[in-house]
Amino acid sequence: MPPISADLTPADLTATLPSLDELWMPFTANRAFKRAPRILVAAKDMYYTTSDGRQILDGTAGLWCVNAGHCRDSITAAIREQAGLLDYAPPFQLGHPLAFELASQLAKLLPKGVDRIFFGNSGSEAVDTALKIALAYWQAKGEPRRVRFVGRARGYHGVGFGGIAVGGIEANRKQFAGQLLPAVDHLPHTHDLAANAFTRGQPKTGAHFADALETLTKTHDPSTIAAVIVEPVAGSTGVLIPPVGYLERIREICDRHGILLIFDEVITGFGRLGAPFAAQKFGVVPDMLTVAKGITNATVPMGAVCARREVYDAIVDAAANGIELFHGYTYSGHPLAAAAGLATLELYRREDLFARAASLESYWADAVHALRGLPHVIDLRNIGLVGAIELEPRPGAPGARAYETFLKCFEAGLMIRSTGDTLALSPPLIVERAQIDRMFETVSAVLKQVA
Ligand SMILES: Cc1ncc(COP(=O)(O)O)c(C=O)c1O
(Lines give C-alpha, C1' and ligand atoms only; values in the text may rest on other atoms or scores of the structure.)
Protein backbone atom coordinates (compact mmCIF):
# COMPACT_ATOMS: atom_id res chain seq x y z
CA MET A 1 0.00 0.00 0.00
CA PRO A 2 1.50 3.41 -0.93
CA PRO A 3 1.77 5.95 1.89
CA ILE A 4 -1.22 8.27 2.19
CA SER A 5 -0.12 11.76 1.21
CA ALA A 6 -1.71 15.08 0.40
CA ASP A 7 -0.83 14.61 -3.29
CA LEU A 8 -3.14 11.64 -3.78
CA THR A 9 -6.40 12.10 -5.67
CA PRO A 10 -9.68 10.95 -4.09
CA ALA A 11 -9.57 7.83 -6.29
CA ASP A 12 -6.04 7.07 -5.09
CA LEU A 13 -7.15 7.56 -1.50
CA THR A 14 -9.98 5.05 -1.85
CA ALA A 15 -7.63 2.60 -3.52
CA THR A 16 -5.17 2.88 -0.65
CA LEU A 17 -7.66 1.75 2.00
CA PRO A 18 -6.38 -1.28 3.88
CA SER A 19 -8.42 -4.19 5.21
CA LEU A 20 -10.84 -3.06 7.92
CA ASP A 21 -11.15 -6.45 9.60
CA GLU A 22 -8.28 -6.44 12.03
CA LEU A 23 -8.84 -3.16 13.82
CA TRP A 24 -11.13 -3.39 16.85
CA MET A 25 -12.53 0.11 16.94
CA PRO A 26 -13.20 1.89 20.25
CA PHE A 27 -16.73 3.01 21.23
CA THR A 28 -17.86 2.05 17.73
CA ALA A 29 -20.53 -0.21 16.26
CA ASN A 30 -17.79 -2.22 14.52
CA ARG A 31 -20.07 -4.32 12.31
CA ALA A 32 -22.13 -1.38 11.05
CA PHE A 33 -19.06 0.80 10.57
CA LYS A 34 -17.19 -1.78 8.53
CA ARG A 35 -20.21 -2.21 6.26
CA ALA A 36 -20.27 1.57 5.57
CA PRO A 37 -17.00 3.11 6.75
CA ARG A 38 -16.35 6.80 7.22
CA ILE A 39 -12.60 7.25 6.78
CA LEU A 40 -10.72 10.50 7.34
CA VAL A 41 -7.40 10.83 5.57
CA ALA A 42 -6.32 14.44 6.02
CA ALA A 43 -7.22 17.62 7.87
CA LYS A 44 -6.40 21.32 7.73
CA ASP A 45 -7.73 24.15 9.87
CA MET A 46 -11.55 23.75 9.98
CA TYR A 47 -11.85 20.82 7.58
CA TYR A 48 -11.33 17.09 7.34
CA THR A 49 -10.84 15.28 4.03
CA THR A 50 -12.49 11.87 3.66
CA SER A 51 -11.14 8.88 1.73
CA ASP A 52 -13.64 9.67 -1.02
CA GLY A 53 -12.20 13.15 -1.30
CA ARG A 54 -14.93 15.14 0.43
CA GLN A 55 -14.33 18.15 2.67
CA ILE A 56 -16.07 17.88 6.05
CA LEU A 57 -16.49 21.01 8.17
CA ASP A 58 -15.36 20.11 11.68
CA GLY A 59 -18.15 21.08 14.05
CA THR A 60 -16.69 19.19 16.98
CA ALA A 61 -12.94 19.94 17.00
CA GLY A 62 -12.41 16.21 16.45
CA LEU A 63 -13.48 14.85 19.83
CA TRP A 64 -13.55 18.21 21.63
CA CYS A 65 -9.80 18.42 21.33
CA VAL A 66 -8.46 20.22 18.25
CA ASN A 67 -9.07 23.66 19.75
CA ALA A 68 -6.66 25.55 17.47
CA GLY A 69 -7.80 23.83 14.27
CA HIS A 70 -6.08 21.07 12.35
CA CYS A 71 -2.47 20.57 11.28
CA ARG A 72 -1.28 23.94 12.46
CA ASP A 73 2.19 24.56 11.08
CA SER A 74 3.91 25.71 14.27
CA ILE A 75 2.79 22.62 16.20
CA THR A 76 3.68 20.24 13.38
CA ALA A 77 7.13 21.84 13.08
CA ALA A 78 7.76 21.60 16.84
CA ILE A 79 6.90 17.91 16.87
CA ARG A 80 9.06 17.21 13.83
CA GLU A 81 12.01 19.07 15.27
CA GLN A 82 11.71 17.37 18.65
CA ALA A 83 11.49 13.92 17.05
CA GLY A 84 14.90 14.51 15.49
CA LEU A 85 16.48 15.91 18.65
CA LEU A 86 15.33 13.84 21.61
CA ASP A 87 12.79 11.18 20.72
CA TYR A 88 12.36 9.83 24.21
CA ALA A 89 13.66 10.34 27.72
CA PRO A 90 12.75 8.13 30.69
CA PRO A 91 10.70 10.19 33.14
CA PHE A 92 11.62 8.18 36.26
CA GLN A 93 14.63 9.68 38.06
CA LEU A 94 15.54 11.55 34.85
CA GLY A 95 14.13 14.59 33.15
CA HIS A 96 14.22 16.64 29.96
CA PRO A 97 13.77 20.40 29.66
CA LEU A 98 10.49 20.53 27.74
CA ALA A 99 8.46 18.65 30.36
CA PHE A 100 9.54 21.17 33.02
CA GLU A 101 8.95 24.06 30.64
CA LEU A 102 5.45 22.84 29.73
CA ALA A 103 4.55 22.41 33.41
CA SER A 104 5.67 26.02 34.08
CA GLN A 105 3.75 27.39 31.11
CA LEU A 106 0.63 25.45 32.02
CA ALA A 107 0.83 26.64 35.62
CA LYS A 108 0.68 30.23 34.34
CA LEU A 109 -2.70 29.53 32.72
CA LEU A 110 -4.20 27.84 35.77
CA PRO A 111 -5.98 29.44 38.72
CA LYS A 112 -3.56 30.83 41.29
CA GLY A 113 -2.25 28.16 43.65
CA VAL A 114 -2.96 25.27 41.25
CA ASP A 115 0.56 24.90 39.94
CA ARG A 116 1.89 21.38 40.38
CA ILE A 117 1.54 19.26 37.24
CA PHE A 118 1.69 15.47 36.84
CA PHE A 119 1.74 14.29 33.23
CA GLY A 120 0.12 11.20 31.70
CA ASN A 121 -1.12 10.36 28.23
CA SER A 122 -4.89 10.76 28.23
CA GLY A 123 -7.88 12.05 30.09
CA SER A 124 -8.56 8.59 31.51
CA GLU A 125 -5.06 8.41 32.96
CA ALA A 126 -5.39 11.92 34.34
CA VAL A 127 -8.60 10.97 36.15
CA ASP A 128 -7.22 7.77 37.64
CA THR A 129 -4.06 9.64 38.62
CA ALA A 130 -6.09 12.35 40.36
CA LEU A 131 -8.06 9.74 42.33
CA LYS A 132 -4.82 8.05 43.40
CA ILE A 133 -3.30 11.39 44.37
CA ALA A 134 -6.38 12.09 46.50
CA LEU A 135 -5.90 8.81 48.38
CA ALA A 136 -2.16 9.41 48.80
CA TYR A 137 -2.88 12.92 50.03
CA TRP A 138 -5.13 11.71 52.82
CA GLN A 139 -2.62 9.07 53.87
CA ALA A 140 0.06 11.75 53.97
CA LYS A 141 -2.22 13.96 56.05
CA GLY A 142 -2.82 11.16 58.58
CA GLU A 143 -6.46 10.61 57.53
CA PRO A 144 -6.29 7.17 55.86
CA ARG A 145 -10.01 6.57 56.46
CA ARG A 146 -10.80 9.02 53.66
CA VAL A 147 -11.24 6.52 50.82
CA ARG A 148 -14.74 7.29 49.55
CA PHE A 149 -15.26 9.09 46.22
CA VAL A 150 -18.28 11.00 45.04
CA GLY A 151 -18.98 11.34 41.31
CA ARG A 152 -22.16 12.36 39.53
CA ALA A 153 -24.84 10.73 37.42
CA ARG A 154 -24.14 11.31 33.70
CA GLY A 155 -20.51 12.11 34.50
CA TYR A 156 -17.87 10.87 32.05
CA HIS A 157 -14.37 10.48 33.38
CA GLY A 158 -12.79 8.21 30.80
CA VAL A 159 -12.50 4.47 30.81
CA GLY A 160 -9.98 3.48 33.47
CA PHE A 161 -11.35 1.47 36.39
CA GLY A 162 -11.35 4.60 38.55
CA GLY A 163 -12.95 6.71 35.86
CA ILE A 164 -15.81 4.30 35.16
CA ALA A 165 -16.42 3.86 38.89
CA VAL A 166 -16.84 7.58 39.58
CA GLY A 167 -18.41 8.15 36.17
CA GLY A 168 -22.16 8.08 35.98
CA ILE A 169 -22.77 6.12 32.79
CA GLU A 170 -24.17 2.70 33.47
CA ALA A 171 -23.43 1.40 29.97
CA ASN A 172 -19.72 2.00 30.54
CA ARG A 173 -19.78 -0.12 33.71
CA LYS A 174 -22.17 -2.97 33.21
CA GLN A 175 -19.96 -5.10 30.91
CA PHE A 176 -17.30 -5.02 33.59
CA ALA A 177 -19.43 -5.86 36.59
CA GLY A 178 -17.73 -6.37 39.88
CA GLN A 179 -15.89 -4.31 42.41
CA LEU A 180 -14.45 -1.24 40.70
CA LEU A 181 -13.55 0.99 43.60
CA PRO A 182 -14.57 0.04 47.13
CA ALA A 183 -16.74 3.06 47.97
CA VAL A 184 -18.31 5.38 45.43
CA ASP A 185 -21.47 7.47 45.55
CA HIS A 186 -23.03 9.61 42.88
CA LEU A 187 -24.70 12.99 43.04
CA PRO A 188 -27.74 13.52 40.83
CA HIS A 189 -27.08 15.19 37.49
CA THR A 190 -28.25 18.75 37.02
CA HIS A 191 -30.28 18.37 33.83
CA ASP A 192 -33.80 19.63 34.52
CA LEU A 193 -35.71 19.94 31.27
CA ALA A 194 -38.97 20.85 32.98
CA ALA A 195 -37.44 23.87 34.68
CA ASN A 196 -34.72 24.93 32.27
CA ALA A 197 -35.45 23.96 28.65
CA PHE A 198 -34.12 26.47 26.09
CA THR A 199 -32.03 28.40 28.61
CA ARG A 200 -29.24 30.53 27.14
CA GLY A 201 -26.05 29.87 29.09
CA GLN A 202 -26.30 28.77 32.72
CA PRO A 203 -29.75 27.75 33.97
CA LYS A 204 -31.06 29.95 36.76
CA THR A 205 -32.51 27.14 38.82
CA GLY A 206 -30.79 24.00 40.00
CA ALA A 207 -28.15 25.03 42.54
CA HIS A 208 -30.11 22.86 44.97
CA PHE A 209 -28.85 19.72 43.16
CA ALA A 210 -25.60 20.32 45.06
CA ASP A 211 -27.37 19.71 48.36
CA ALA A 212 -27.24 15.98 47.65
CA LEU A 213 -23.58 16.23 48.62
CA GLU A 214 -24.53 17.54 52.04
CA THR A 215 -26.93 14.62 52.36
CA LEU A 216 -24.13 12.17 51.50
CA THR A 217 -21.96 13.68 54.20
CA LYS A 218 -24.76 12.85 56.63
CA THR A 219 -25.23 9.31 55.29
CA HIS A 220 -21.51 8.66 55.64
CA ASP A 221 -19.15 10.12 58.13
CA PRO A 222 -17.78 13.01 56.02
CA SER A 223 -14.30 12.23 57.29
CA THR A 224 -14.44 9.08 55.10
CA ILE A 225 -14.89 11.06 51.86
CA ALA A 226 -11.63 11.63 49.99
CA ALA A 227 -12.83 13.64 47.01
CA VAL A 228 -15.69 14.77 44.83
CA ILE A 229 -15.12 14.70 41.07
CA VAL A 230 -17.31 16.51 38.54
CA GLU A 231 -17.05 17.90 35.05
CA PRO A 232 -17.84 21.60 35.39
CA VAL A 233 -19.88 21.20 32.20
CA ALA A 234 -20.73 17.56 31.53
CA GLY A 235 -19.73 17.09 27.88
CA SER A 236 -19.99 13.51 26.73
CA THR A 237 -23.46 12.83 28.12
CA GLY A 238 -25.08 15.71 26.31
CA VAL A 239 -23.70 19.09 27.42
CA LEU A 240 -25.18 19.63 30.87
CA ILE A 241 -24.46 23.16 31.96
CA PRO A 242 -24.07 23.90 35.68
CA PRO A 243 -26.93 25.95 37.12
CA VAL A 244 -25.99 29.34 38.56
CA GLY A 245 -24.53 28.81 42.04
CA TYR A 246 -24.23 25.02 41.75
CA LEU A 247 -20.45 24.68 41.51
CA GLU A 248 -20.03 27.33 44.20
CA ARG A 249 -22.23 25.29 46.52
CA ILE A 250 -20.31 22.08 45.79
CA ARG A 251 -17.07 23.92 46.64
CA GLU A 252 -18.56 25.31 49.83
CA ILE A 253 -19.77 21.89 51.03
CA CYS A 254 -16.38 20.32 50.21
CA ASP A 255 -14.66 23.08 52.19
CA ARG A 256 -16.96 22.64 55.17
CA HIS A 257 -16.08 18.93 55.39
CA GLY A 258 -12.46 19.10 54.26
CA ILE A 259 -13.21 17.10 51.07
CA LEU A 260 -11.00 17.54 47.99
CA LEU A 261 -12.74 18.84 44.88
CA ILE A 262 -11.57 17.63 41.47
CA PHE A 263 -12.75 19.32 38.28
CA ASP A 264 -12.45 17.11 35.23
CA GLU A 265 -11.60 19.73 32.62
CA VAL A 266 -10.61 17.34 29.85
CA ILE A 267 -13.22 19.00 27.63
CA THR A 268 -13.72 22.38 29.30
CA GLY A 269 -10.01 23.26 29.38
CA PHE A 270 -8.02 25.35 26.92
CA GLY A 271 -10.54 27.96 25.92
CA ARG A 272 -13.55 25.82 25.15
CA LEU A 273 -15.69 28.02 27.42
CA GLY A 274 -14.00 31.31 26.47
CA ALA A 275 -11.62 31.24 29.46
CA PRO A 276 -8.49 29.16 29.98
CA PHE A 277 -10.41 26.72 32.20
CA ALA A 278 -13.95 26.35 33.54
CA ALA A 279 -12.49 27.15 36.96
CA GLN A 280 -11.92 30.73 35.79
CA LYS A 281 -15.13 30.89 33.77
CA PHE A 282 -17.22 30.02 36.82
CA GLY A 283 -14.92 31.51 39.46
CA VAL A 284 -14.66 28.25 41.40
CA VAL A 285 -11.21 26.83 42.10
CA PRO A 286 -10.87 23.08 42.64
CA ASP A 287 -8.05 21.29 44.48
CA MET A 288 -7.16 19.32 41.38
CA LEU A 289 -8.02 19.74 37.76
CA THR A 290 -7.60 17.05 35.11
CA VAL A 291 -6.77 18.05 31.54
CA ALA A 292 -5.92 16.33 28.22
CA LYS A 293 -7.16 16.81 24.64
CA GLY A 294 -6.52 20.53 23.96
CA ILE A 295 -3.23 20.49 25.86
CA THR A 296 -1.47 19.42 22.64
CA ASN A 297 -4.26 20.39 20.27
CA ALA A 298 -4.71 16.60 20.13
CA THR A 299 -1.61 16.14 18.01
CA VAL A 300 0.28 13.90 20.44
CA PRO A 301 -1.54 12.10 23.27
CA MET A 302 -1.10 13.82 26.63
CA GLY A 303 -3.05 14.36 29.83
CA ALA A 304 -2.23 15.92 33.17
CA VAL A 305 -3.34 16.42 36.72
CA CYS A 306 -2.93 19.98 37.90
CA ALA A 307 -2.88 20.09 41.70
CA ARG A 308 -2.87 22.76 44.30
CA ARG A 309 0.64 23.26 45.60
CA GLU A 310 -0.55 22.17 49.03
CA VAL A 311 -1.53 18.74 47.67
CA TYR A 312 1.94 18.23 46.22
CA ASP A 313 3.66 19.55 49.35
CA ALA A 314 1.64 17.32 51.66
CA ILE A 315 2.57 14.16 49.75
CA VAL A 316 6.18 15.08 49.04
CA ASP A 317 6.97 16.47 52.49
CA ALA A 318 5.37 13.55 54.34
CA ALA A 319 7.42 10.93 52.50
CA ALA A 320 10.61 9.37 53.75
CA ASN A 321 13.65 9.87 51.53
CA GLY A 322 13.20 8.41 48.07
CA ILE A 323 10.20 8.22 45.77
CA GLU A 324 7.21 10.11 47.21
CA LEU A 325 4.41 8.98 44.89
CA PHE A 326 4.43 5.44 43.55
CA HIS A 327 2.81 6.29 40.28
CA GLY A 328 3.87 7.27 36.76
CA TYR A 329 3.83 6.25 33.11
CA THR A 330 6.62 5.35 30.70
CA TYR A 331 5.41 8.26 28.61
CA SER A 332 4.73 10.83 31.34
CA GLY A 333 5.84 14.14 29.84
CA HIS A 334 6.96 12.48 26.59
CA PRO A 335 9.28 14.81 24.63
CA LEU A 336 7.04 14.86 21.54
CA ALA A 337 3.95 15.58 23.61
CA ALA A 338 5.77 18.25 25.58
CA ALA A 339 7.00 19.91 22.38
CA ALA A 340 3.48 19.77 20.96
CA GLY A 341 2.06 21.17 24.21
CA LEU A 342 4.47 24.10 24.28
CA ALA A 343 3.79 24.96 20.65
CA THR A 344 0.04 24.64 21.30
CA LEU A 345 0.04 26.97 24.32
CA GLU A 346 2.12 29.44 22.34
CA LEU A 347 -0.37 29.29 19.45
CA TYR A 348 -3.33 29.81 21.81
CA ARG A 349 -1.52 32.86 23.19
CA ARG A 350 -0.37 34.28 19.87
CA GLU A 351 -3.82 34.06 18.31
CA ASP A 352 -5.57 34.91 21.59
CA LEU A 353 -7.89 32.00 20.93
CA PHE A 354 -9.52 31.87 24.37
CA ALA A 355 -10.61 35.50 24.01
CA ARG A 356 -11.71 34.73 20.46
CA ALA A 357 -13.97 31.98 21.78
CA ALA A 358 -15.41 34.41 24.33
CA SER A 359 -16.03 37.03 21.65
CA LEU A 360 -17.96 34.50 19.53
CA GLU A 361 -20.05 33.18 22.42
CA SER A 362 -23.06 35.38 21.84
CA TYR A 363 -23.10 34.84 18.05
CA TRP A 364 -22.81 31.12 18.73
CA ALA A 365 -25.66 31.24 21.26
CA ASP A 366 -27.90 33.02 18.74
CA ALA A 367 -27.12 30.36 16.14
CA VAL A 368 -27.90 27.53 18.57
CA HIS A 369 -31.16 29.04 19.77
CA ALA A 370 -32.32 29.86 16.25
CA LEU A 371 -33.09 26.12 15.95
CA ARG A 372 -36.00 26.50 18.35
CA GLY A 373 -39.21 25.27 16.78
CA LEU A 374 -37.55 22.81 14.38
CA PRO A 375 -38.92 19.25 14.27
CA HIS A 376 -38.00 17.06 17.28
CA VAL A 377 -36.08 19.79 19.16
CA ILE A 378 -36.97 19.70 22.87
CA ASP A 379 -34.05 21.69 24.27
CA LEU A 380 -31.16 23.89 23.17
CA ARG A 381 -28.16 24.60 25.37
CA ASN A 382 -25.03 26.69 24.94
CA ILE A 383 -21.97 27.83 26.84
CA GLY A 384 -18.68 29.12 25.47
CA LEU A 385 -18.24 27.46 22.08
CA VAL A 386 -20.33 24.44 23.01
CA GLY A 387 -23.85 23.87 21.80
CA ALA A 388 -26.36 21.08 22.32
CA ILE A 389 -29.58 20.20 20.55
CA GLU A 390 -31.67 17.71 22.45
CA LEU A 391 -34.16 15.75 20.36
CA GLU A 392 -37.30 13.98 21.37
CA PRO A 393 -36.34 10.28 21.42
CA ARG A 394 -37.96 8.15 18.75
CA PRO A 395 -40.41 5.85 20.56
CA GLY A 396 -38.74 2.53 21.35
CA ALA A 397 -35.42 3.60 19.79
CA PRO A 398 -33.56 5.95 22.10
CA GLY A 399 -30.64 7.66 20.41
CA ALA A 400 -31.63 6.56 16.90
CA ARG A 401 -32.89 9.95 15.73
CA ALA A 402 -29.76 11.78 16.87
CA TYR A 403 -27.49 9.12 15.36
CA GLU A 404 -29.28 9.39 12.03
CA THR A 405 -28.92 13.15 12.18
CA PHE A 406 -25.19 12.73 12.75
CA LEU A 407 -24.92 10.40 9.72
CA LYS A 408 -26.90 12.73 7.46
CA CYS A 409 -24.88 15.76 8.57
CA PHE A 410 -21.70 13.85 7.75
CA GLU A 411 -23.09 13.06 4.29
CA ALA A 412 -23.86 16.77 3.95
CA GLY A 413 -20.27 17.70 4.82
CA LEU A 414 -20.53 18.53 8.53
CA MET A 415 -19.14 16.68 11.52
CA ILE A 416 -21.26 16.84 14.66
CA ARG A 417 -21.53 14.43 17.60
CA SER A 418 -24.51 12.49 18.75
CA THR A 419 -24.74 11.26 22.30
CA GLY A 420 -27.98 9.66 23.40
CA ASP A 421 -30.63 11.93 21.91
CA THR A 422 -28.48 15.02 22.03
CA LEU A 423 -26.44 16.51 19.21
CA ALA A 424 -23.33 18.33 20.38
CA LEU A 425 -21.24 20.90 18.55
CA SER A 426 -17.92 22.28 19.76
CA PRO A 427 -15.89 23.66 16.83
CA PRO A 428 -12.24 24.65 16.83
CA LEU A 429 -11.87 28.11 18.36
CA ILE A 430 -10.68 29.45 14.98
CA VAL A 431 -14.19 28.99 13.54
CA GLU A 432 -15.48 31.87 11.40
CA ARG A 433 -19.00 33.27 11.65
CA ALA A 434 -19.84 32.06 8.15
CA GLN A 435 -18.81 28.56 9.19
CA ILE A 436 -21.03 28.77 12.26
CA ASP A 437 -23.88 29.75 9.94
CA ARG A 438 -23.15 26.80 7.69
CA MET A 439 -23.09 24.38 10.63
CA PHE A 440 -26.51 25.35 11.86
CA GLU A 441 -28.01 25.63 8.35
CA THR A 442 -26.89 22.04 7.74
CA VAL A 443 -28.25 20.77 11.06
CA SER A 444 -31.49 22.61 10.43
CA ALA A 445 -31.90 21.17 6.92
CA VAL A 446 -31.17 17.66 8.18
CA LEU A 447 -33.59 17.93 11.09
CA LYS A 448 -36.34 18.74 8.62
CA GLN A 449 -35.60 15.46 6.78
CA VAL A 450 -35.14 13.11 9.72
CA ALA A 451 -38.24 11.19 10.71
C1 LIG B 1 -14.51 14.90 30.97
C2 LIG B 1 -13.68 13.81 30.39
N3 LIG B 1 -12.83 13.14 31.18
C4 LIG B 1 -12.05 12.16 30.71
C5 LIG B 1 -12.10 11.80 29.39
C6 LIG B 1 -11.24 10.68 28.89
O7 LIG B 1 -10.24 11.15 28.09
P8 LIG B 1 -9.42 10.13 27.14
O9 LIG B 1 -10.38 9.65 26.11
O10 LIG B 1 -8.29 10.97 26.61
O11 LIG B 1 -8.93 9.03 28.02
C12 LIG B 1 -12.96 12.48 28.52
C13 LIG B 1 -13.02 12.12 27.10
O14 LIG B 1 -13.86 12.58 26.35
C15 LIG B 1 -13.79 13.49 29.03
O16 LIG B 1 -14.65 14.14 28.26
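Helices (H or I, at least four residues) and strands (E, at least two) are DSSP runs, numbered from the N terminus. The structure described here is a predicted model, in which local features need pLDDT of at least 70, side-chain atom pairs count only at pLDDT 80 or more, and totals for chains, interfaces and linings use all residues. Residues are numbered from 1 along each chain as its sequence is written.

A residue is called buried if 20 or more other C-beta atoms lie within 10 Å of its own, exposed if 12 or fewer, and partly exposed in between, with C-beta atoms placed from the backbone. E390 is buried because 23 other C-beta atoms lie within 10 Å. Two residues are in contact if their C-beta atoms, placed from the backbone, lie within 7 Å. Apart from neighbours within four places in sequence, the contacts of E390 are G238, I378, D379, D421 and T422. In space, the C-alpha atoms of E390 and S418 are 9.6 Å apart, while 28 residues separate the two in sequence.

When neighbours within four places in sequence are set aside, R152 is in contact with G168, H186, L187, H189 and V230. From R152 to I75, the C-alpha separation is 36 Å, and the two residues are 77 residues apart along the chain. F149 also lies in β5, and it counts as buried because 25 C-beta neighbours are found inside 10 Å. Residues up to four places away in sequence not counted, F149 touches L131, V166, L181, V184, A226, A227 and I229. F149 and P182 are 33 residues apart in sequence, and their C-alpha atoms are 9.1 Å apart in space.

The helices come next, starting with α4. Helix α4 (residues 73–85) contains 13 residues and reaches 18 Å from its first C-alpha to its last, close to the 18 Å expected at 1.5 Å a residue; the expected span is 1.5 Å times one less than the number of residues. Its buried residues are I75, A78 and Q82. These three cover an arc of only 60° around the axis, so they sit on the same side of α4; the arc is that of the directions from the helix axis to the C-beta atoms. The exposed residues D73, A77, R80, E81 and G84 are carried by the face of α4 turned away from its buried side. Included in what covers the buried residues of α4 is α14 (335–350).

Helix α14 also packs against another helix. Two packed helices are described by the angle between their axes and the distance between the axes. For α5 (residues 97–109) and α14, the angle is about 35° and the axes are 9 Å apart; axes are lines fitted to C-alpha atoms, for helices over the stretch in contact, and angles run from 0 to 180 degrees between N-to-C directions. The contact involves L98, A99, E101, L102, Q105 and L106 of α5, together with P335, A338, A339, G341, L342 and L345 of α14. By type, the residues of this contact comprise nine nonpolar, two polar and one charged; Ala, Val, Leu, Ile, Met, Phe, Trp, Tyr, Cys and Pro count as nonpolar, Asp, Glu, Lys and Arg as charged, and the others, Gly among them, as polar.

Helix α6 (residues 123–140) has 18 residues, which should span 26 Å at 1.5 Å a residue, and its end C-alpha atoms are 25 Å apart, which agrees. Most of α6 is covered, with 14 of its 18 residues buried. After α6 comes G142, whose phi is positive, near 80°.

Finally, some loop residues deserve a look. K293, in the loop between β9 (288–291) and β10 (303–308), has a phi near 40°, a positive value in a residue other than glycine. K293 is buried because 26 other C-beta atoms lie within 10 Å. D352 belongs to the loop between α14 and α15 (353–369), and its phi is near 50°, a positive value in a residue other than glycine. D352 counts as partly exposed because it has 13 C-beta neighbours inside 10 Å.
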